[in-house]
Amino acid sequence: MKDLFGKAIFDFHTHNTPEDIITETSISEEDEMSVEYLFRSYDEMPSIEQKALQLAKGKTLDVGCGAGSHALSLQNERNLDVTAIDISPKAIETCQMRGIQKAEVKNILDYEGEKFDTILLLMNGTGIFGKLKNCNNYLSKLKSLLNPEGQILIDSSDIIYMFDEDEDGGKWIPSDNDYYGELEFTISYKGEKEESFDWLYLDYNTLQNAAIANGLKCELILEGEHYDYLAKLSI
């Protein structure tokens, strides 16, 4: 991993001539993403993220924290005990520079020890599952890190709308994948391209079925304006 996402975050924070991140998926063309967006304040966040932060309680784990804006808000504005983790070394270095007291480079599947009252997975939190077949592995791990009254707050989108519709209202979905929400994602930054990685968008019913299969309750908390939603999983 070249850690281009982390480099972009670090460059923006250190004023090292940051540029937009170029993203591309297996079903969409190149798009520009402003790194500044990752440094947004609570007031600048979409309603789904604000709702998740409002619901956060107790000891909290922010998974895939990126630039750390969610963790920072909870730590500084809510006085919660927050641990932020990401697989990007540069992102975590930035989080530490921004003042997050507990930030470490870690894959959630390798996380051991502590248990939490709230686990956050935001900005398409199901993305890190990669493939539909990996849901059980990730949900089982997340469940093992919950305190008895704990909660997992996770968001995603139903991307069925991105596929062409036929005359009968059906959708033309490529047969390459087991599930239409499985994408290949590529990031480019300052002329370098990261190796493609798997990224998963889950519709709510599929997430709910996976949660139930792993002994978790699943509740739809909020639906956004772009086929996105926030869900709460609990034991």
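Lysine 102 and aspartate 81 form a salt bridge in this predicted model, with 2.9 Å between the closest N and O atoms. Lysine 102 sits in the loop between α4 (89-97) and β5 (103-105), and aspartate 81 in the loop between α3 (69-77) and β4 (82-86), so the link spans distant parts of the chain, 21 residues apart. The count of salt bridges comes to eight.

**Salt bridges**

- Lysine 102 is partly exposed, at 35% relative accessibility.
- Aspartate 81 is also partly exposed, and its relative accessibility is 35%.
- Glutamate 112 and lysine 141 meet through their side chains in another salt bridge, at 3.3 Å from N to O. Here too the pair links distant parts of the chain: glutamate 112 belongs to the loop between β5 and β6 (116-121), lysine 141 to helix α5 (residues 135-144), and 29 residues separate them.
- Glutamate 112 is exposed, with a relative accessible area of 61%, whereas lysine 141 is buried, with a value of 13%.
- A salt bridge also joins the side chains of lysine 131 and glutamate 182, at 3.9 Å from N to O. Because lysine 131 lies in the loop between β6 and α5 and glutamate 182 in strand β8 (residues 182-189), the pair ties together parts that are 51 residues apart in sequence.
- The 3.9 Å of this pair falls within the 4 Å cut-off for a salt bridge.
- Lysine 131 counts as partly exposed at 24% relative accessibility, while glutamate 182 is buried at 3% relative accessible area.

**Helix α3**

- α3 is largely enclosed by the rest of the structure, because seven of its nine residues are buried.
- The buried residues are Ser69, His70, Ala71, Leu72, Ser73, Leu74 and Gln75.
- Among the elements that cover these residues of α3 are α2 (47-55), β3 (60-63), β4 and β6.
- After α3 comes asparagine 79, which has a positive phi, near 60°.

**Helix α4**

- Ala91, Ile92, Thr94 and Cys95 are buried in α4. These residues lie on the same side of α4, because the arc they cover around the axis is only 155°.
- The packing partners of the buried residues of α4 are α1 (4-13), β4 and β5.
- Glycine 99 follows α4 and has a positive phi, near 105°.

**Phenylalanine 12**

- Phenylalanine 12 is part of helix α1 and counts as partly exposed, at 24% relative accessibility.
- Setting aside residues up to four places away in sequence, phenylalanine 12 touches Pro18, Val35, Glu36 and Phe39.
- Between phenylalanine 12 and threonine 94 there are 82 residues of sequence separation and 9.5 Å in space, C-alpha to C-alpha. Threonine 94 is among the buried residues of α4.

**Cysteines**

- The count of disulfides comes to zero.
- For cysteine 65, the closest cysteine sulfur is that of cysteine 95, at 3.8 Å.
- Cysteine 65 is buried, with a relative accessible area of 6%, and Cys95 is one of the buried residues of α4.
- Cysteine 218 is in no disulfide either, and the nearest cysteine sulfur, in cysteine 135, is 11 Å away.
- Cysteine 218 counts as buried, at 16% relative accessibility.

**Nonpolar cores**

- The largest nonpolar core has 48 residues, of which Leu61, Ile108, Ile119, Phe129 and Ile152 touch the most other members.
- Isoleucine 108 is in contact with Leu61, Val63, Ile85, Ile128, Tyr138, Lys141, Leu142 and Leu145, leaving aside its neighbours within four places in sequence. One of these contacts, Lys141, is the lysine that forms a salt bridge with glutamate 112.
- A second, separate core has 20 residues, including Ile48, Cys65, Leu122 and Leu230.

Methods
Residues numbered from 1 in each chain as written. Predicted model: local features only at pLDDT ≥ 70, side-chain atom pairs only at ≥ 80, totals over all residues. Heavy atoms only, no water. Helix = DSSP H or I, 4+ residues; strand = E, 2+ residues; numbered from the N terminus. Buried < 20%, exposed > 50% of the residue type's maximum accessible area, 1.4 Å probe, protein only. Contact = heavy atoms within 4.5 Å. Arc of directions from axis to C-beta. Disulfide = S-S within 2.5 Å. Core = buried A, V, L, I, M, F, W, Y, C linked by side-chain atoms within 4.5 Å.
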